[in-house]
Amino acid sequence: MTDTLTPVLTANWADDRAWTLDAYTARGGYRGLEKSLTMDPDAIIEEVKDAGLRGRGGAGFPTGMKWGFIPQDNPNPKYLVVNADESEPGTCKDIPLMMANPHVLIEGVIIASRAIRAHTAFIYVRGEVLHVIRRLRAAVREAYDAGHLGRDIHGSGYDLDLIVHAGAGAYICGEETALLDSLEGRRGQPRLRPPFPAVAGLYASPTVVNNVESVASVPGIIAGGADWFASMGTEKSKGHGIFSLSGHVAKPGQYEAPLGITLRELLDLGGGMRPGSELKFWTPGGSSTPLLTAEHLDVPLDFEGVGAAGSMLGTRALQIFDQTTSVVRCVLRWTEFYKHESCGKCTPCREGTWWLVQTLRRIDEGQGQPGDIELLLDLCDNILGRAFCALGDGATSPITSAIQYFREEFEAGMTTPSRDLFPPAASTLF
Ligand code: NAI
(Lines give C-alpha, C1' and ligand atoms only; values in the text may rest on other atoms or scores of the structure.)
Protein backbone atom coordinates (compact mmCIF):
# COMPACT_ATOMS: atom_id res chain seq x y z
CA MET A 1 0.00 0.00 0.00
CA THR A 2 2.93 2.38 0.50
CA ASP A 3 2.81 3.36 -3.17
CA THR A 4 -0.36 5.31 -2.42
CA LEU A 5 1.69 7.79 -0.42
CA THR A 6 2.89 10.86 -2.33
CA PRO A 7 5.52 12.47 -0.15
CA VAL A 8 6.10 15.95 -1.49
CA LEU A 9 5.75 18.38 1.39
CA THR A 10 6.69 15.64 3.84
CA ALA A 11 9.50 14.16 1.72
CA ASN A 12 12.39 15.54 3.73
CA TRP A 13 10.94 15.34 7.23
CA ALA A 14 13.37 12.59 8.24
CA ASP A 15 16.44 14.31 6.78
CA ASP A 16 19.17 15.55 9.05
CA ARG A 17 18.44 19.23 9.92
CA ALA A 18 15.73 19.25 7.21
CA TRP A 19 14.64 22.73 8.26
CA THR A 20 17.86 24.46 7.26
CA LEU A 21 18.32 26.36 4.04
CA ASP A 22 21.25 24.12 3.09
CA ALA A 23 19.22 20.92 3.44
CA TYR A 24 16.28 22.41 1.55
CA THR A 25 18.45 23.73 -1.28
CA ALA A 26 20.32 20.43 -1.54
CA ARG A 27 16.97 18.77 -2.25
CA GLY A 28 16.17 21.20 -5.05
CA GLY A 29 14.47 23.82 -2.91
CA TYR A 30 13.97 27.34 -4.31
CA ARG A 31 13.95 26.00 -7.88
CA GLY A 32 10.28 26.96 -8.11
CA LEU A 33 11.19 30.51 -7.06
CA GLU A 34 13.94 30.67 -9.66
CA LYS A 35 11.52 29.60 -12.37
CA SER A 36 8.72 31.87 -11.14
CA LEU A 37 10.97 34.93 -11.38
CA THR A 38 11.12 34.36 -15.13
CA MET A 39 7.33 34.16 -15.36
CA ASP A 40 4.77 36.92 -15.70
CA PRO A 41 2.76 37.22 -12.43
CA ASP A 42 -0.47 36.44 -14.29
CA ALA A 43 1.13 33.30 -15.74
CA ILE A 44 1.87 32.12 -12.18
CA ILE A 45 -1.80 32.59 -11.27
CA GLU A 46 -2.84 30.66 -14.40
CA GLU A 47 -0.46 27.81 -13.52
CA VAL A 48 -1.95 27.52 -10.03
CA LYS A 49 -5.47 27.63 -11.51
CA ASP A 50 -4.57 24.91 -14.02
CA ALA A 51 -3.13 22.75 -11.22
CA GLY A 52 -6.57 22.81 -9.59
CA LEU A 53 -5.13 23.57 -6.13
CA ARG A 54 -7.94 24.08 -3.64
CA GLY A 55 -7.45 25.72 -0.24
CA ARG A 56 -5.98 23.30 2.27
CA GLY A 57 -7.28 25.18 5.32
CA GLY A 58 -10.60 23.37 5.16
CA ALA A 59 -12.97 25.20 2.83
CA GLY A 60 -11.34 24.08 -0.44
CA PHE A 61 -11.79 27.37 -2.27
CA PRO A 62 -9.72 27.39 -5.51
CA THR A 63 -6.42 29.08 -4.67
CA GLY A 64 -5.63 30.46 -8.13
CA MET A 65 -9.13 31.92 -8.40
CA LYS A 66 -8.67 33.66 -5.03
CA TRP A 67 -5.41 35.21 -6.24
CA GLY A 68 -7.16 36.30 -9.42
CA PHE A 69 -9.75 38.22 -7.35
CA ILE A 70 -7.12 40.73 -6.19
CA PRO A 71 -8.12 43.97 -7.95
CA GLN A 72 -4.91 45.26 -9.52
CA ASP A 73 -6.50 48.64 -10.28
CA ASN A 74 -6.87 49.27 -6.53
CA PRO A 75 -4.13 51.80 -5.62
CA ASN A 76 -3.66 50.38 -2.09
CA PRO A 77 -0.81 47.98 -1.33
CA LYS A 78 -1.62 44.28 -1.76
CA TYR A 79 -0.89 41.79 1.03
CA LEU A 80 -0.39 38.07 1.40
CA VAL A 81 -1.26 36.67 4.81
CA VAL A 82 -0.53 33.04 5.62
CA ASN A 83 -2.97 31.57 8.08
CA ALA A 84 -0.75 29.50 10.38
CA ASP A 85 -3.16 29.65 13.30
CA GLU A 86 -3.87 25.93 13.07
CA SER A 87 -6.07 24.97 16.00
CA GLU A 88 -8.98 22.84 14.85
CA PRO A 89 -9.13 19.95 17.35
CA GLY A 90 -7.31 17.01 15.77
CA THR A 91 -5.59 19.11 13.13
CA CYS A 92 -1.83 18.81 13.22
CA LYS A 93 -0.41 19.19 9.73
CA ASP A 94 0.73 22.82 9.39
CA ILE A 95 2.74 22.88 12.61
CA PRO A 96 4.88 19.81 11.80
CA LEU A 97 5.21 21.08 8.23
CA MET A 98 6.57 24.44 9.43
CA MET A 99 8.89 22.71 11.90
CA ALA A 100 10.31 20.27 9.36
CA ASN A 101 10.24 22.36 6.22
CA PRO A 102 9.84 26.11 6.85
CA HIS A 103 11.59 26.99 3.60
CA VAL A 104 8.94 25.37 1.38
CA LEU A 105 6.44 27.75 2.98
CA ILE A 106 8.75 30.75 2.57
CA GLU A 107 9.38 29.84 -1.06
CA GLY A 108 5.62 29.58 -1.59
CA VAL A 109 5.12 32.97 0.07
CA ILE A 110 7.57 34.65 -2.32
CA ILE A 111 6.01 33.08 -5.42
CA ALA A 112 2.45 33.84 -4.30
CA SER A 113 3.26 37.40 -3.24
CA ARG A 114 4.82 38.19 -6.59
CA ALA A 115 1.82 36.66 -8.37
CA ILE A 116 -0.57 39.02 -6.59
CA ARG A 117 1.92 41.95 -6.69
CA ALA A 118 2.33 42.16 -2.91
CA HIS A 119 5.48 43.59 -1.38
CA THR A 120 4.66 42.72 2.22
CA ALA A 121 3.64 39.29 3.46
CA PHE A 122 2.82 37.97 6.91
CA ILE A 123 2.80 34.52 8.46
CA TYR A 124 0.33 34.65 11.36
CA VAL A 125 1.26 31.83 13.76
CA ARG A 126 -0.42 30.59 16.91
CA GLY A 127 1.20 32.28 19.90
CA GLU A 128 1.51 29.06 21.87
CA VAL A 129 3.79 27.35 19.40
CA LEU A 130 6.92 29.24 20.33
CA HIS A 131 9.15 26.53 18.83
CA VAL A 132 7.50 27.04 15.43
CA ILE A 133 7.80 30.82 15.66
CA ARG A 134 11.53 30.54 16.46
CA ARG A 135 12.08 28.12 13.62
CA LEU A 136 10.21 30.26 11.11
CA ARG A 137 12.05 33.41 12.15
CA ALA A 138 15.41 31.66 11.80
CA ALA A 139 14.42 30.41 8.33
CA VAL A 140 13.24 33.88 7.28
CA ARG A 141 16.63 35.30 8.36
CA GLU A 142 18.37 32.62 6.26
CA ALA A 143 16.18 33.50 3.29
CA TYR A 144 17.02 37.22 3.60
CA ASP A 145 20.74 36.41 3.83
CA ALA A 146 20.49 34.25 0.70
CA GLY A 147 18.79 37.05 -1.25
CA HIS A 148 15.46 35.19 -1.50
CA LEU A 149 13.77 38.01 0.43
CA GLY A 150 14.35 41.74 0.63
CA ARG A 151 15.20 44.25 -2.11
CA ASP A 152 15.58 43.29 -5.77
CA ILE A 153 15.26 39.53 -5.23
CA HIS A 154 17.95 37.82 -7.34
CA GLY A 155 18.15 40.86 -9.62
CA SER A 156 14.50 40.57 -10.64
CA GLY A 157 13.57 44.05 -9.46
CA TYR A 158 10.98 42.50 -7.15
CA ASP A 159 10.97 43.48 -3.44
CA LEU A 160 9.34 41.51 -0.65
CA ASP A 161 9.38 41.71 3.13
CA LEU A 162 8.10 38.79 5.17
CA ILE A 163 7.02 39.20 8.78
CA VAL A 164 6.36 36.30 11.16
CA HIS A 165 3.63 37.50 13.53
CA ALA A 166 2.70 35.64 16.72
CA GLY A 167 -0.98 35.55 17.63
CA ALA A 168 -2.13 35.19 21.21
CA GLY A 169 -3.74 31.78 21.07
CA ALA A 170 -7.41 32.20 20.20
CA TYR A 171 -9.15 29.67 17.97
CA ILE A 172 -11.29 32.44 16.45
CA CYS A 173 -8.15 34.07 15.04
CA GLY A 174 -7.96 31.20 12.55
CA GLU A 175 -11.11 32.70 10.99
CA GLU A 176 -9.58 34.83 8.29
CA THR A 177 -11.20 38.18 9.11
CA ALA A 178 -10.66 37.80 12.87
CA LEU A 179 -7.05 37.03 12.01
CA LEU A 180 -6.82 40.29 10.08
CA ASP A 181 -8.31 42.25 12.99
CA SER A 182 -5.77 40.63 15.30
CA LEU A 183 -2.93 41.41 12.89
CA GLU A 184 -4.05 45.05 12.88
CA GLY A 185 -3.68 45.06 16.66
CA ARG A 186 -7.33 44.70 17.62
CA ARG A 187 -9.19 41.99 19.51
CA GLY A 188 -9.70 39.18 16.99
CA GLN A 189 -13.37 39.03 16.01
CA PRO A 190 -14.80 38.13 12.62
CA ARG A 191 -15.83 40.83 10.18
CA LEU A 192 -18.88 40.76 7.99
CA ARG A 193 -18.18 39.22 4.56
CA PRO A 194 -18.54 40.44 1.84
CA PRO A 195 -16.38 42.34 1.30
CA PHE A 196 -14.02 39.37 1.23
CA PRO A 197 -10.37 40.01 2.15
CA ALA A 198 -9.44 39.80 -1.54
CA VAL A 199 -11.23 43.13 -1.96
CA ALA A 200 -10.87 44.73 1.49
CA GLY A 201 -8.64 42.82 3.89
CA LEU A 202 -5.63 43.96 5.91
CA TYR A 203 -5.79 47.74 6.44
CA ALA A 204 -8.83 47.68 4.10
CA SER A 205 -6.51 46.70 1.25
CA PRO A 206 -6.69 43.74 -1.14
CA THR A 207 -5.39 40.71 0.76
CA VAL A 208 -5.01 37.03 0.02
CA VAL A 209 -5.36 34.87 3.12
CA ASN A 210 -4.10 31.35 2.43
CA ASN A 211 -3.49 28.34 4.64
CA VAL A 212 0.11 27.14 5.24
CA GLU A 213 -0.27 23.92 3.26
CA SER A 214 -1.87 25.74 0.31
CA VAL A 215 1.05 28.15 0.03
CA ALA A 216 3.61 25.39 0.61
CA SER A 217 2.11 23.44 -2.31
CA VAL A 218 2.90 26.26 -4.75
CA PRO A 219 6.69 25.73 -5.24
CA GLY A 220 6.03 22.14 -6.33
CA ILE A 221 3.36 23.29 -8.80
CA ILE A 222 5.68 25.88 -10.35
CA ALA A 223 8.74 23.61 -10.43
CA GLY A 224 6.89 20.43 -11.47
CA GLY A 225 4.15 22.03 -13.55
CA ALA A 226 0.38 22.15 -13.20
CA ASP A 227 -0.04 18.84 -15.04
CA TRP A 228 2.17 16.99 -12.56
CA PHE A 229 0.11 18.29 -9.61
CA ALA A 230 -3.21 17.69 -11.38
CA SER A 231 -2.21 14.12 -12.21
CA MET A 232 -2.74 13.30 -8.52
CA GLY A 233 -6.08 13.23 -6.74
CA THR A 234 -9.52 13.18 -8.27
CA GLU A 235 -11.22 15.12 -11.02
CA LYS A 236 -12.34 17.99 -8.81
CA SER A 237 -9.98 17.58 -5.86
CA LYS A 238 -6.52 17.51 -7.30
CA GLY A 239 -3.08 17.03 -5.86
CA HIS A 240 -1.60 15.77 -2.63
CA GLY A 241 -2.67 16.54 0.89
CA ILE A 242 -1.45 15.84 4.40
CA PHE A 243 -3.82 13.59 6.38
CA SER A 244 -3.38 13.65 10.17
CA LEU A 245 -4.27 10.34 11.78
CA SER A 246 -4.87 10.35 15.53
CA GLY A 247 -6.73 8.39 18.18
CA HIS A 248 -7.06 4.63 18.41
CA VAL A 249 -4.72 3.85 15.51
CA ALA A 250 -1.52 1.86 15.71
CA LYS A 251 0.68 4.50 14.09
CA PRO A 252 -0.72 8.00 14.41
CA GLY A 253 0.95 10.74 12.41
CA GLN A 254 0.90 12.67 9.18
CA TYR A 255 0.38 10.76 5.94
CA GLU A 256 0.71 12.61 2.65
CA ALA A 257 -1.41 11.06 -0.08
CA PRO A 258 -3.45 12.03 -3.12
CA LEU A 259 -6.87 13.49 -2.32
CA GLY A 260 -9.43 10.76 -2.80
CA ILE A 261 -7.61 8.13 -0.75
CA THR A 262 -9.95 6.32 1.65
CA LEU A 263 -9.76 5.88 5.40
CA ARG A 264 -9.42 2.13 4.83
CA GLU A 265 -6.26 2.72 2.78
CA LEU A 266 -4.90 5.23 5.28
CA LEU A 267 -5.51 2.81 8.13
CA ASP A 268 -3.54 0.19 6.21
CA LEU A 269 -0.71 2.68 5.92
CA GLY A 270 -1.09 3.56 9.59
CA GLY A 271 -0.80 -0.03 10.78
CA GLY A 272 -4.53 -0.40 11.33
CA MET A 273 -6.47 0.14 14.52
CA ARG A 274 -4.75 -0.47 17.86
CA PRO A 275 -4.90 -4.10 18.98
CA GLY A 276 -8.37 -4.79 20.37
CA SER A 277 -9.82 -1.59 18.89
CA GLU A 278 -12.76 -1.56 16.50
CA LEU A 279 -13.65 1.57 14.58
CA LYS A 280 -16.71 3.23 16.11
CA PHE A 281 -16.69 6.75 14.68
CA TRP A 282 -14.28 9.25 13.15
CA THR A 283 -13.99 12.80 11.96
CA PRO A 284 -12.82 13.40 8.39
CA GLY A 285 -11.65 16.96 9.01
CA GLY A 286 -11.47 17.83 12.67
CA SER A 287 -14.20 18.35 15.22
CA SER A 288 -16.08 20.86 13.04
CA THR A 289 -16.97 18.20 10.50
CA PRO A 290 -19.89 15.80 10.99
CA LEU A 291 -18.88 12.39 12.37
CA LEU A 292 -18.72 9.36 10.12
CA THR A 293 -18.75 5.68 11.07
CA ALA A 294 -17.34 2.32 9.97
CA GLU A 295 -19.80 2.27 7.07
CA HIS A 296 -17.83 5.17 5.56
CA LEU A 297 -14.43 3.45 5.42
CA ASP A 298 -14.43 3.51 1.62
CA VAL A 299 -15.57 7.09 1.14
CA PRO A 300 -13.04 8.93 -1.09
CA LEU A 301 -11.40 11.58 1.05
CA ASP A 302 -11.89 14.44 -1.36
CA PHE A 303 -14.20 17.45 -1.18
CA GLU A 304 -16.95 15.76 -3.21
CA GLY A 305 -16.74 12.25 -1.72
CA VAL A 306 -16.88 13.36 1.90
CA GLY A 307 -19.60 15.86 1.04
CA ALA A 308 -21.72 13.12 -0.51
CA ALA A 309 -21.34 11.09 2.70
CA GLY A 310 -22.89 13.97 4.65
CA SER A 311 -19.73 15.47 6.08
CA MET A 312 -16.89 17.78 4.97
CA LEU A 313 -13.27 17.15 4.11
CA GLY A 314 -12.18 20.10 6.25
CA THR A 315 -8.58 19.92 7.43
CA ARG A 316 -8.15 16.15 6.85
CA ALA A 317 -7.79 15.68 10.59
CA LEU A 318 -8.84 12.05 10.92
CA GLN A 319 -9.60 11.41 14.56
CA ILE A 320 -10.34 7.74 15.06
CA PHE A 321 -12.36 6.45 18.00
CA ASP A 322 -12.99 2.87 19.06
CA GLN A 323 -15.76 1.04 20.91
CA THR A 324 -14.50 2.18 24.33
CA THR A 325 -15.25 5.82 23.57
CA SER A 326 -18.42 7.50 24.79
CA VAL A 327 -19.69 9.58 21.91
CA VAL A 328 -21.58 11.79 24.37
CA ARG A 329 -18.44 12.55 26.40
CA CYS A 330 -16.40 13.12 23.26
CA VAL A 331 -18.94 15.55 21.83
CA LEU A 332 -19.19 17.27 25.22
CA ARG A 333 -15.41 17.83 25.26
CA TRP A 334 -15.51 19.42 21.81
CA THR A 335 -18.53 21.55 22.70
CA GLU A 336 -16.76 22.82 25.82
CA PHE A 337 -13.94 23.85 23.50
CA TYR A 338 -16.30 25.77 21.20
CA LYS A 339 -18.01 27.46 24.16
CA HIS A 340 -14.62 28.52 25.52
CA GLU A 341 -13.40 29.75 22.13
CA SER A 342 -16.61 31.52 21.06
CA CYS A 343 -15.58 35.16 20.63
CA GLY A 344 -18.93 36.36 21.94
CA LYS A 345 -19.71 38.64 19.03
CA CYS A 346 -22.96 36.98 17.99
CA THR A 347 -25.76 35.68 20.18
CA PRO A 348 -26.43 32.28 18.52
CA CYS A 349 -22.84 31.16 19.08
CA ARG A 350 -22.17 32.87 22.43
CA GLU A 351 -25.41 31.77 24.12
CA GLY A 352 -26.02 28.65 22.05
CA THR A 353 -22.73 26.96 22.83
CA TRP A 354 -23.29 27.67 26.55
CA TRP A 355 -26.70 25.98 26.45
CA LEU A 356 -25.31 23.07 24.43
CA VAL A 357 -22.70 22.44 27.11
CA GLN A 358 -25.29 22.56 29.93
CA THR A 359 -27.52 20.07 28.14
CA LEU A 360 -24.73 17.71 27.06
CA ARG A 361 -23.22 17.80 30.55
CA ARG A 362 -26.38 16.55 32.21
CA ILE A 363 -26.76 13.80 29.61
CA ASP A 364 -23.12 12.82 30.21
CA GLU A 365 -23.84 12.68 33.94
CA GLY A 366 -26.88 10.44 33.44
CA GLN A 367 -29.24 13.26 34.45
CA GLY A 368 -30.69 14.03 31.04
CA GLN A 369 -34.29 15.21 31.01
CA PRO A 370 -37.08 14.17 28.64
CA GLY A 371 -36.84 16.35 25.56
CA ASP A 372 -33.09 17.01 25.93
CA ILE A 373 -32.24 15.40 22.58
CA GLU A 374 -34.85 17.57 20.86
CA LEU A 375 -33.50 20.55 22.80
CA LEU A 376 -29.98 19.86 21.50
CA LEU A 377 -31.25 19.56 17.93
CA ASP A 378 -33.29 22.74 18.30
CA LEU A 379 -30.28 24.64 19.68
CA CYS A 380 -28.14 23.40 16.79
CA ASP A 381 -30.85 24.45 14.36
CA ASN A 382 -30.78 27.94 15.86
CA ILE A 383 -27.00 28.21 15.52
CA LEU A 384 -26.41 26.60 12.13
CA GLY A 385 -26.46 29.27 9.43
CA ARG A 386 -27.37 31.95 11.96
CA ALA A 387 -24.00 32.47 13.61
CA PHE A 388 -21.73 35.25 12.38
CA CYS A 389 -18.95 32.90 11.24
CA ALA A 390 -18.14 29.23 10.77
CA LEU A 391 -17.25 28.66 14.44
CA GLY A 392 -20.91 28.33 15.44
CA ASP A 393 -21.74 26.05 12.52
CA GLY A 394 -18.74 23.88 13.36
CA ALA A 395 -19.91 23.49 16.95
CA THR A 396 -23.16 21.92 15.80
CA SER A 397 -21.67 19.36 13.37
CA PRO A 398 -20.46 16.75 15.88
CA ILE A 399 -23.68 17.00 17.92
CA THR A 400 -26.23 16.53 15.15
CA SER A 401 -24.20 13.75 13.52
CA ALA A 402 -23.62 11.99 16.85
CA ILE A 403 -27.38 12.01 17.51
CA GLN A 404 -27.98 10.74 13.96
CA TYR A 405 -25.69 7.73 14.40
CA PHE A 406 -25.71 7.10 18.18
CA ARG A 407 -29.08 8.36 19.43
CA GLU A 408 -29.31 5.45 21.86
CA GLU A 409 -26.25 6.70 23.75
CA PHE A 410 -27.94 10.05 24.29
CA GLU A 411 -31.13 8.27 25.39
CA ALA A 412 -29.10 6.19 27.84
CA GLY A 413 -27.88 9.48 29.33
CA MET A 414 -31.40 10.03 30.74
CA THR A 415 -30.59 7.45 33.41
CA THR A 416 -26.97 6.31 33.20
CA PRO A 417 -23.76 8.35 33.31
CA SER A 418 -21.43 7.84 30.35
CA ARG A 419 -18.65 6.91 32.74
CA ASP A 420 -20.66 3.80 33.74
CA LEU A 421 -21.35 2.80 30.14
CA PHE A 422 -17.82 3.59 28.98
CA PRO A 423 -15.50 3.42 31.98
CA PRO A 424 -12.66 5.91 31.38
CA ALA A 425 -10.18 3.27 32.54
CA ALA A 426 -11.14 1.09 29.57
CA SER A 427 -10.26 3.82 27.08
CA THR A 428 -6.80 4.91 26.24
CA LEU A 429 -8.03 8.32 25.15
CA PHE A 430 -10.38 9.70 27.80
P1 NAI B 1 -15.42 30.08 3.10
O2 NAI B 1 -15.88 29.01 2.18
O3 NAI B 1 -16.39 31.15 3.47
O4 NAI B 1 -14.18 30.86 2.42
C5 NAI B 1 -13.04 30.17 1.99
C6 NAI B 1 -12.08 31.16 1.37
O7 NAI B 1 -12.53 31.61 0.10
C8 NAI B 1 -11.86 32.44 2.19
O9 NAI B 1 -10.51 32.82 2.09
C10 NAI B 1 -12.74 33.47 1.51
O11 NAI B 1 -12.25 34.78 1.65
C12 NAI B 1 -12.66 33.01 0.07
N13 NAI B 1 -13.88 33.34 -0.67
C14 NAI B 1 -15.06 32.68 -0.62
N15 NAI B 1 -15.96 33.27 -1.43
C16 NAI B 1 -15.33 34.33 -2.00
C17 NAI B 1 -15.72 35.35 -2.93
N18 NAI B 1 -16.95 35.37 -3.45
N19 NAI B 1 -14.82 36.28 -3.28
C20 NAI B 1 -13.57 36.26 -2.77
N21 NAI B 1 -13.13 35.32 -1.89
C22 NAI B 1 -14.01 34.38 -1.51
O23 NAI B 1 -14.84 29.36 4.37
P24 NAI B 1 -14.29 29.99 5.74
O25 NAI B 1 -15.45 30.43 6.60
O26 NAI B 1 -13.25 31.02 5.44
O27 NAI B 1 -13.57 28.76 6.41
C28 NAI B 1 -14.32 27.65 6.87
C29 NAI B 1 -13.43 26.44 6.86
O30 NAI B 1 -12.38 26.59 7.79
C31 NAI B 1 -14.16 25.17 7.24
O32 NAI B 1 -14.36 24.41 6.08
C33 NAI B 1 -13.21 24.45 8.20
O34 NAI B 1 -12.85 23.19 7.71
C35 NAI B 1 -12.00 25.33 8.23
N36 NAI B 1 -11.43 25.44 9.56
C37 NAI B 1 -10.09 25.25 9.67
C38 NAI B 1 -9.46 25.32 10.90
C39 NAI B 1 -7.99 25.05 11.01
O40 NAI B 1 -7.45 24.94 12.12
N41 NAI B 1 -7.28 24.92 9.89
C42 NAI B 1 -10.23 25.69 12.10
C43 NAI B 1 -11.64 25.84 11.87
C44 NAI B 1 -12.21 25.74 10.63
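# Close-up views of a predicted model

View 1. Strand 1 and strand 4 are joined in the parallel sense over 5 bridges. Within this pairing, Val81 has Val209 of strand 4 as its bridge partner.

**View 2. The largest nonpolar core around Val82.** The largest nonpolar core comprises 119 residues, of which Leu80, Val81, Val82, Val109 and Ala112 touch the most other members. Helix 6 makes the greatest contribution to this core, with 9 residues. When residues up to four places away in sequence are not counted, Val82 touches Leu105, Val109, Phe122, Ile123, Tyr124, Asn210, Val212 and Val215.

**View 3. The surroundings of Asp85.** Asp85 is located in the loop between strand 1 (79-84) and helix 5 (94-100). Because 29 C-beta neighbours lie inside 10 Å, Asp85 counts as buried. Apart from neighbours within four places in sequence, the contacts of Asp85 are Tyr124, Val125, Arg126, Gly167, Cys173, Gly174 and Leu179. Asp85 and Glu175 are separated by 90 residues in sequence, while their C-alpha atoms are 8.8 Å apart in space.

View 4. The peptide bond from Arg193 to Pro194 is cis, its omega being near -10 degrees. The peptide bond from Pro194 to Pro195 is likewise cis, with omega near 5 degrees.

View 5. Arg117 is situated in the loop between helix 6 and strand 2. Phi of Arg117 is near 65 degrees, a positive value in a residue other than glycine. Arg117 counts as partly exposed because 14 C-beta neighbours are found inside 10 Å. Asp152 occupies the loop between helix 7 and strand 3. Although not a glycine, Asp152 has a positive phi of about 45 degrees. With 10 C-beta neighbours inside 10 Å, Asp152 counts as exposed.

View 6. An open sheet of 5 strands has the order 6-5-9-7-8 and mixed pairing. Its edge strands are strand 6 (253-258) and strand 8 (292-293), each of which pairs on one side only. Strand 9 (residues 317-322) is largely enclosed by the rest of the structure, because 6 of its 6 residues are buried. In a regular strand the side chains alternate between the two faces of the sheet. Ala317, Gln319 and Phe321 are buried on one side of strand 9, and Leu318, Ile320 and Asp322 are buried on the other, so that both faces are covered.

**View 7. The two partners of strand 9.** Strand 5 (residues 240-247) pairs with strand 9 in the parallel sense over 4 bridges. In strand 9, Ala317 stands opposite Ser244. Strand 7 (residues 279-283) pairs with strand 9 in the antiparallel sense, also over 4 bridges. Asp322 of strand 9 is the bridge partner of Leu279, and Ile320 of strand 9 is that of Trp282.

**View 8. The contact between domain 2 and domain 3.** The domain assignment divides the protein chain into domain 1 (2-230), domain 2 (240-322) and domain 3 (327-426). The C-alpha centres of domain 2 and domain 3 are 22 Å apart. Contact between these domains involves 8 residues of domain 2 and 10 residues of domain 3. On the side of domain 2 that touches domain 3, there are 4 nonpolar and 4 polar residues, with no charged residues.

How values were computed. Residues are numbered from 1 along each chain as its sequence is written. This is a predicted model: local features need pLDDT of at least 70, side-chain atom pairs count only at pLDDT 80 or more; totals for chains, interfaces and linings use all residues. Helices (H or I, at least four residues) and strands (E, at least two) are DSSP runs, numbered from the N terminus. A residue is buried if 20 or more other C-beta atoms lie within 10 Å of its own, exposed if 12 or fewer, and partly exposed in between; C-beta atoms are placed from the backbone. Two residues are in contact if their C-beta atoms, placed from the backbone, lie within 7 Å. Two strands pair if DSSP finds at least two bridges between them. A nonpolar core is a set of buried Ala, Val, Leu, Ile, Met, Phe, Trp, Tyr and Cys residues joined through C-beta atoms within 7 Å. Domain bounds come from an automatic or database domain assignment. Ala, Val, Leu, Ile, Met, Phe, Trp, Tyr, Cys and Pro count as nonpolar, Asp, Glu, Lys and Arg as charged, and the others, Gly among them, as polar.
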